[in-house]
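User: I'm new to this structure and would like a close look at one part of it. Could you walk me through a loop and the helices around it, and then show me how helices pack elsewhere in the model?

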Number of protein chains: 4
Amino acid sequence: MLVPLDEQGQINEAELRRFVSWLIDRGVHGLYPNGSTGEFTRFTAEERRRIVQVVADQAGGRVPILAGAAEANVKETLGACEAYAKMGVRAVAIVSPFYYKLAAESVYAYFAEIARHTPLDVTLYNIPMFASPIDVPTIRRLAAEFPRVIGIKDSSGDLAFMMRMMAAVRPIRPDFSFLTGWEAVLVPMLMIGCDGGTNASSNAVPEVTRRLYDLSRAGKYDEAMKWQFRILELFDAMLNPFEFPDGFRAAAEFRGFRFGRGRQPQTSAQRTDRTALASVLQCILADFELVDPPAAGCAPRVREIGHDKVEQVVFEVMHELEKRGVF
Amino acid sequence: MLVPLDEQGQINEAELRRFVSWLIDRGVHGLYPNGSTGEFTRFTAEERRRIVQVVADQAGGRVPILAGAAEANVKETLGACEAYAKMGVRAVAIVSPFYYKLAAESVYAYFAEIARHTPLDVTLYNIPMFASPIDVPTIRRLAAEFPRVIGIKDSSGDLAFMMRMMAAVRPIRPDFSFLTGWEAVLVPMLMIGCDGGTNASSNAVPEVTRRLYDLSRAGKYDEAMKWQFRILELFDAMLNPFEFPDGFRAAAEFRGFRFGRGRQPQTSAQRTDRTALASVLQCILADFELVDPPAAGCAPRVREIGHDKVEQVVFEVMHELEKRGVF
Amino acid sequence: MLVPLDEQGQINEAELRRFVSWLIDRGVHGLYPNGSTGEFTRFTAEERRRIVQVVADQAGGRVPILAGAAEANVKETLGACEAYAKMGVRAVAIVSPFYYKLAAESVYAYFAEIARHTPLDVTLYNIPMFASPIDVPTIRRLAAEFPRVIGIKDSSGDLAFMMRMMAAVRPIRPDFSFLTGWEAVLVPMLMIGCDGGTNASSNAVPEVTRRLYDLSRAGKYDEAMKWQFRILELFDAMLNPFEFPDGFRAAAEFRGFRFGRGRQPQTSAQRTDRTALASVLQCILADFELVDPPAAGCAPRVREIGHDKVEQVVFEVMHELEKRGVF
Amino acid sequence: MLVPLDEQGQINEAELRRFVSWLIDRGVHGLYPNGSTGEFTRFTAEERRRIVQVVADQAGGRVPILAGAAEANVKETLGACEAYAKMGVRAVAIVSPFYYKLAAESVYAYFAEIARHTPLDVTLYNIPMFASPIDVPTIRRLAAEFPRVIGIKDSSGDLAFMMRMMAAVRPIRPDFSFLTGWEAVLVPMLMIGCDGGTNASSNAVPEVTRRLYDLSRAGKYDEAMKWQFRILELFDAMLNPFEFPDGFRAAAEFRGFRFGRGRQPQTSAQRTDRTALASVLQCILADFELVDPPAAGCAPRVREIGHDKVEQVVFEVMHELEKRGVF
C-alpha cells in the first residue's frame, strides 16, 4: 500500500482511510502497509506505527492486515510486533536485513531471533533487489523450526526459484504460504502453485489483479493470460521510467486519490518528466476503462522499450565491472 | 545435442549416428547440432561442418535440423550457411557475438548483415549467459526487416522477457517462432505462449521433455507441472555441480552412450567428483524408471542446494564488486 | 568508528569515551561516528545523536569530528545536522540514499535539498556497495552549486574513478576534499592525489594507517608500500571471513576494548567461527608488534584466499544471473 | 596490437609491417599480436598464424614478441605454440577459456595441460571482462608447478588484486612477471610493483605510455601522474563511446595508418557517430602535439561522462537483475 501525504509531507490520514476502503471495495483480499511500496524506510518509527494504526482501524476487520514490521534492530522490531498485535493485525512481514548485505547464516540468525519472541505470525519478505536474499535452505530451516513463520513473500519474479522453495518447504510445512510480489508473471506463478500475490499494481488496478487471481484459480489460463499481458504493459510503464514507487503513485492518482509529492526530493526536470510519463499511464488505464483518456487523446502505443534497453545495458555494465578489476 | 568423442578426443561418428537415431526414436521434434550443449567453440571450423554433415545424413529427413552456424566473422558464418544449405538443413541458429560484448546496435548490424545474404532461414540465439544479449527492440527490428529471420531461441528463462518479445513481434510477424532454452520453466513458458523448447535435458531424457510439451499443449497443466518439478530437480543436478555441459553428458551416458572425456581438461580431483555426482544423476534417472539405480542403492535425496547458495553468493559478490570500486 | 555496547546491547558510554581518547592518542586526524563501521542503521535516531554527543564531548576539540547524519528522510536529516552543529561537530557525512537505489538525478536532488538548508559543511559519502552511487557528474554539479558541499568520502577503491572525480572537480573547486574509505589501496590513492582516508582499519591499528599517510606524504613510497602490503593482509582478514564490521571489531578488541556482541544476532556456529578467525587476526596484529601472539602460537600464514575465491564466484554467479533470464 | 585490414577485409600485410616498425621506432619494449585489441577471435586459425609470422619477420629481433596463442582447444593451442616457436617468438600469452565460464579448478586444469607440453614460455592472460577469471590461488599454483609459466597479464585494473597476486607469487617465484593491461592506472600499478604494461593505448600513443613507464621507473611520480591524467582522458574517450577496439583504431588512424573497416559490421548510424567521436580523439591527440587539430578547431572539452553514467546504470541494472528473479 502507498501512503498519501499532505502538502507538508505528513501522513494524510483522511485520504489514507478513504484509500483503504476503496481498495477493500474493489476486492483486495488483504492490506499490506509498511512494505516497499509503502516506503517504510522514509518514515520514522512513530509514523510507521501510526500508518498501521490507521489502516487497521479503517479496515475494521473487513480484510486481514499484514503489517511491515522491520525496524533498526531485532529489539525494535519486536517492539513493533507487540504494538501491531494490539492493533489486531493478522501477521507481520519482515524484510531481510538491508544496507549491510548478510550471509545466509546471518539472515537465519536474524529471523530465528525474531521468530522465537514474536507475538504474531511472521511472513518472510524476500526482496533481493533491495535487501539481503533469503535462500531456499534458510527458508526451509526457518519453516521447519518455527511455527510462527507461516509464509514468504517473494519479489524476485523467478519461477524456478519459487518452484525450488515449494519443493523444499511444502513436504514439511504444507500450510506454508507462498506469495509473489512480481505481478509481471502473476498468472504463471499461480499456475505453478503460488498461493497469491502482494502486488504494487493493486494500488492502481485492484480489480485487475483480483481478476488475474480469480481466472487463474478457475483454470482459465487463456483468458487470464490476456489480462496478464495487459498488466505487464502497465507494470513496465509504472516501474521503469519512474523512481519506485512513484509510477505506481502516479497511476493510483488517476483513480481519484491525492498522494502528495513523496519524500524523496525531485528536480524540476523530474517533475516535468513525471507529467509526460503519467499521461502514458492514463492512456493505459483508459484502455482498461478504469479512467478517462487525456483530453489531448492517446497516441498509438509502441511497446515500451526502456526495459529492453536495460538488457543491453547489463552487458555493457558487465564490461565496465570487469574492466575495473572486478572479476 | 552433445557430440560423442572417441579415446583420442576426435568426433565419434558411429556413436553420433547411433545417438541421432535414438533421439528421433524417443520423440524429439528436431535436432540441433553445434549449439552450446554441443560445445561448438571447442571444435574447429572443419569439425563443426562434419558434425552437421553426419547428423543430417543420419537423420535422413525424419526430423528437421537446426544447425548452429556461428563462425569467427560474418564471412565465415555465411560460408557455413552455404555449406549447411547443401546438406539439407532446415535452418541455422546464430548465436549473438561473444567474447567482445556488443551494444544493441552492433548486434543488429551483425544479424542484419547475415540476414541479407543467408541462403537459409535464421533463428536468433539469445544466450546472455555466454554472449551479447539480443534485446526486444533488436528482435523486433530484425523480424520486421528480414523474412529470413524466422524465430528466436532464448535461453534466459525469464518469462516476463518472453512475454515482452511476443508482445513486440507477434503483431507484425505472427509466424515468428519463440523457443525457450530454459527447461526449468518449460511448462509455464508453453502456457504463456512459447512455441517449444530446445533443451539440453533432451539429451538425457527426450521422452520427458516431450511429455512436458504434449501435456502442456493439451492444457493438462496440473499433470505437466508434476513432471516439471521432476525435470527441475534433474536439471539443477546436471547444471549446478558440473562444468556445463558435463552434467548433461554424464546423465546421457546412463542412457547407453559413450561421450568420451570432453575437450576441456579435468584434474583428477574433478574426475573423482564427477563419479560421485554422476551417481546422484543415476538415482534421479532411476526414479524416472529410465535407468537402473546404482548397485549401492540411493540415499533419500534432500533438495539440492547448490543453486540456492548462489543466491546468497550473488549478494556477497555484489559487495565485492562494489568494494572494488565498481559502483 | 566502532561503537562499544554493554551486556544489554546498549551503548557503553564509558568504553566509547576511553576508545575516543585512545584513538586520538594514537594519531588519528579526526573522528567519524555514525559511519558504516559504526553501524548507524542498527541504532535508533536517538541513539545516533547520543553517540555523536559522547564522541564530541570526549574529543573536546582535540581533533575535528565528521558525523554521519543520514536519517529516514531529508527533514529528519536536517534535524540531525542542526543537533550536531550545536555539539561542535566540524562537518557531517551524508551517505547516498539506500534501500531504494536511485538514479543520478534523484541522488542530486537529495543532496541539493540538504545542501540548501544545512547549517554544517557536508561531505558526500559514496559507498556503492551499500547505497545508491554518486557519479562524477553529480559530484561536479553539487560541488559547483553548493559551497557547503566540501568533499567526498569514496569507499569504492577504484583509482581511475578517483582520478576522474579529481579531474572533474578540482578545476572548479580546488578546496574540495577527496577521502578514500578503501585502505587496501591507501598508499596509491595518496600518491595519485587523495587528501586522506577514513578507514575502518584505524579502529584496530590507528598507528599504522597514520604511518601510511605520513610516509606517503613524505614521498617515501617504497617504505609506505611495505606497510601497505601488511595492511592489505590485515584488511582482507578482517573483511572477508566476517560479516562487516565484525572483523574490525574482533581486531580492535585485541587492542584492549570491549565492544560487546553487536546487534546483528549470530548463531552458535558463527560464534565458534569467530573465535578461530579472531586468532588469525591476533597473529597478524602480533606481527605488527601491537599485541601479544596467542598462547597456542601462530601457524605460518598462507595468503588468505577467501577474497580470491570471490573472483571465481563472480563469474559463476554471472552464469547464474544470465541463466535466470537476466540479460 | 591492432591489425590493419584492406578494402576486402583481408590482412593488409604491408600496412602491418609499416605499423610494426613505427611502434618499435617510438619505443615500445615488445609487440603483442593476437591479443584482444588484435581481435584474435575475428580471424581464422590460419590468419592468426599469418599475423604472427608477419610481425615476427618485420620485427626481426629488434624487440621480443609475445604472441596470443589461444585456439579452440588445448590441442589446437599447442599446435599454435609449436608454430610460433619456429617463428622466433619469445613467449605466448594464453587467454583463459571463454564463452563457457569456468570454475577455478577447470582454469587450472586448462593451463596446466598447456604448461606441461608447451615449447614456449607462457604468460597467463587474465581479462575477466571477456573470459573466465584466473584467481590468485590458481596463479600461485601454476607458478609453483610450472617453470614455463613466467608471468601474467592482468587487464582487471584492480590494484588490490595485483598486490594480492604479487604477495602470493613473488615469495616462491621472484622471476614471475606482472603486467597490467589497464593503462588508466598504469603509474600507480608501476608504483606498487608491476613490471610493465601491455596497453591498447600504445597503438595510438606509444611515446606516451613509454613516458609513463620511464618516469615511474625513475620515481618521478608527480610528473608521471600529470601524464597519467592525460592518458586517462584519452583512454576513456577511446574506450567508452566505441565498441572495443574501434576507438583505439580510430585514434591510431590519426597517426598515419589505415586500419580498414573492421570485421564487425556497423550500421550507417554507427559510421556517422564514429566520425564525430573520432574528431574528439583528434583534439585530444592534438593536445599531446602528436597530430594536427581538426580544421574546424576543437571545442573546450568537458570531462567525458559516459563512464560515470555507467556507474549509475550499474545500480539501475542491479534493480533489473533483482527484479527479474535473480537474487
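Predicted model: local features only at pLDDT ≥ 70, side-chain atom pairs only at ≥ 80, totals over all residues.

In chain C, Pro245 sits in the loop that runs between α9 (221-239) and α10 (246-253). The peptide bond leading from C:Phe244 to C:Pro245 is cis, and its omega is near 0°. Chain D has a cis bond as well, from D:Phe244 to D:Pro245, with omega near 0°. D:Pro245 is placed in the loop between α9 and α10 (246-253) of chain D.

What do they pack against?

D:Met238 counts as buried because its relative accessibility is 1%, and the cut-off for buried is under 20%. Setting aside neighbours within four places in sequence, D:Met238 is in contact with D:Ser201, D:Ala204, D:Gly247, D:Phe248, D:Ala251 and D:Leu281.

Helix α9 of chain D also has a partner in α8. The axes of α8 (residues 206-217) and α9 (residues 221-239) of chain D come within 8 Å and cross at roughly 155°. Angles over 145 degrees count as roughly antiparallel, and α8(D) and α9(D) are therefore roughly antiparallel to each other. Their crossing is left-handed. On the α8(D) side, the contact is made by D:Val208, D:Thr209, D:Arg211, D:Leu212, D:Leu215 and D:Ser216. Facing them in α9(D) are D:Tyr221, D:Glu223, D:Ala224, D:Trp227, D:Gln228 and D:Ile231. By class, the residues of this contact between α8(D) and α9(D) are 7 nonpolar, 3 polar and 2 charged.

For another helix pair, turn to chain B. There, α5 (residues 136-145) and α6 (residues 159-169) pack at an angle of about 35°, with their axes 9 Å apart. The crossing of α5(B) and α6(B) is right-handed. B:Val136, B:Ile139, B:Arg140 and B:Ala143 from α5(B) meet B:Phe161, B:Arg164, B:Met165, B:Ala168 and B:Val169 from α6(B). The contact of α5(B) with α6(B) has 7 nonpolar residues, no polar ones and 2 charged ones.

One more loop deserves a visit. In chain C, Tyr99 lies in the loop between β2 (91-95) and α4 (104-117). C:Tyr99 has a phi near 70°, a positive value in a residue other than glycine. With 2% relative accessibility, C:Tyr99 counts as buried. In chain D, Tyr99 is placed in the loop between β2 and α4. The phi of D:Tyr99 is positive too, at about 65°, although this residue is not a glycine. D:Tyr99 is buried, its relative accessible area being 2%.

The loop between β2 (91-95) and α4 (104-117) of chain D also holds D:Lys101, a buried residue with a relative accessible area of 4%. Here chain B comes into the picture: a polar atom of the D:Lys101 side chain lies 2.6 Å from the backbone oxygen of B:Met129.

How values were computed:
Residues numbered from 1 in each chain as written. Chains lettered and ligands numbered in written order. Heavy atoms only, no water. Axes fitted to C-alpha atoms, helices over the stretch in contact; angles between N-to-C directions. Helix = DSSP H or I, 4+ residues; strand = E, 2+ residues; numbered from the N terminus. Parallel < 35°, antiparallel > 145°, perpendicular 65-115°, else oblique. Left-handed = near helix turned anticlockwise from the far one by under 90°. Contact = heavy atoms within 4.5 Å. Nonpolar A, V, L, I, M, F, W, Y, C, P; charged D, E, K, R; others polar. Buried < 20%, exposed > 50% of the residue type's maximum accessible area, 1.4 Å probe, protein only. Polar contact = N/O pair within 3.5 Å; in protein donor to acceptor, adjacent residues only side chain to side chain.
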